[in-house]
Amino acid sequence: MPILTAVFVYLLQSDSGAVPAAPSGITGFSALADLVGNIGTIAVFVLLLLLAASIYSWTVILGKISTFRKATRDSRKFVRAFRKATKLQEIATLATECAASPLAQVFEDVYETYKRQTGGVGPPRSIVPLERTAQTPATTRSTALSGA
C-alpha cells in the first residue's frame with residue numbers, strides 16, 4: 001500500500017499537463033468553448049459519440065414511456081368495456097379500437113379461435129385450444145411491449 005501512495009504522490013508532482021483554471025473574466029459558454037478548443041481530436045470524437053448515445057438513449061426512453069402509456073390507457077378502457085359488455089361481438093369491436101392494449105390483442109386471437117371452433121355461436125367444444133391460444137399471444141405481446 002505505501003508503494004501505491006508513493007507512486008500516486010509522484011504522479012501528482014510530475015503532472016505538468018494539468019489544465020489551468022479559467023481566468024476570472026471567462027465564464028459560462030466561453031469557458032466551455034475554450035475547453036473544447038484545447039482538447040484533441042480523439043476527445044472530440046469521444047464526446048460526440050457520447051452525445052449521440054445520449055440522444056439515442058433518451059429517444060428510446062421517451063418512446064417506451066409513450067408506448068406504456070398508450071398500452072395502459074387502452075387496457076383500462078378495454079377492461080371497463082369488457083366488464084360491461086354482454087356479447088362477445090361488442091368486445092371484439094372494442095378490441096379493434098384498443099390496438100395498443102395487449103389484453104385486447106390477446107382477446108382478438110382467442111376470439112378468432114373461438115369463431116373457427118364454433119362458427120361464432122354457442123359454447124366452445126373444447127376449452128383447451130382457447131387456453132393454448134391465449135398463452136402464446138400473451139407471452140408474445142408482453143415480450144413485444146418490453147422491446148426484447
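This is a predicted model: local features need pLDDT of at least 70, side-chain atom pairs count only at pLDDT 80 or more; totals for chains, interfaces and linings use all residues.
**Entry 1: α3 and α4**

I began with how α3 and α4 lie against each other. Their axes cross at roughly 170° and come within 10 Å. An angle over 145 degrees counts as roughly antiparallel, so α3 and α4 are roughly antiparallel to each other. I then listed the residues that make this contact. From α3 I noted D74, K77, F78, A81 and F82. From α4 I noted I91, L94, A95 and E97. Sorted by class, the residues of this contact are six nonpolar, three charged and no polar.

**Entry 2: the model as a whole**

I looked up the confidence next. The protein chain has an average pLDDT of 80, and 78% of the residues score at least 70. Where is confidence lowest, and where is it highest? Helix α1, residues 2-14, is lowest with a mean of 55. Helix α3 is highest, at 93.

The protein chain has six helices and zero strands. From the N terminus on, the order reads α-α-α-α-α-α. The chain has 148 residues, and 16% of them count as buried. I also checked sequence separation. Among contacts with a separation of 6 or more, 44% join residues 24 or more positions apart.

**Entry 3: α3 and α5**

I moved on to α3, residues 41-84, and α5, residues 102-118. Their axes come within 7 Å and cross at roughly 55°. That angle makes α3 oblique to α5. On the α3 side I found A71, S75, F78, V79 and F82. They meet P102, L103, A104 and F107 in α5.

**Entry 4: the nonpolar core**

Which residues form the largest nonpolar core? I found 11: F78, I91, A92, L94, A95, C98, A104, F107, Y111, Y114 and L130. The elements that give two or more residues to this core are α4, residues 88-97, and α5. In soluble globular proteins, nonpolar side chains tend to be buried together.

I followed one core member, A95. Leaving out neighbours within four places in sequence, A95 is in contact with F78, A104, F107 and E108.

**Entry 5: the loop between α4 and α5**

I looked at two residues in this loop, C98 and S101. Is C98 buried or exposed? C98 counts as buried because its relative accessibility is 0%. Beyond four places in sequence, C98 touches D74, K77, F78 and A104. I checked the pair C98 and K77 by C-alpha distance. They are 21 residues apart in sequence and 7.6 Å apart in space.

S101 is buried as well, with a relative accessible area of 0%. With neighbours within four places set aside, S101 is in contact with A71, D74, S75 and F78.

**Entry 6: T113**

My last stop was T113, in helix α5. T113 has a relative accessible area of 9%. Buried means under 20%, so T113 is buried. What does T113 touch beyond four places in sequence? I found P129, L130 and T133. L130 is also on my list for the largest nonpolar core.

Methods
Residues are numbered from 1 along each chain as its sequence is written. Side-chain values use heavy atoms; hydrogens and water are left out. Axes are lines fitted to C-alpha atoms, for helices over the stretch in contact, and angles run from 0 to 180 degrees between N-to-C directions. Helices (H or I, at least four residues) and strands (E, at least two) are DSSP runs, numbered from the N terminus. Angles under 35 degrees count as roughly parallel, over 145 as roughly antiparallel, 65 to 115 as roughly perpendicular and the rest as oblique. Contact means heavy atoms within 4.5 Å. pLDDT is the predictor's confidence in each residue, from 0 to 100. A nonpolar core is a set of buried Ala, Val, Leu, Ile, Met, Phe, Trp, Tyr and Cys residues joined through side-chain atoms within 4.5 Å. Buried means under 20% relative accessible area, exposed over 50%, partly exposed in between (1.4 Å probe, protein chains only). Ala, Val, Leu, Ile, Met, Phe, Trp, Tyr, Cys and Pro count as nonpolar, Asp, Glu, Lys and Arg as charged, and the others, Gly among them, as polar.
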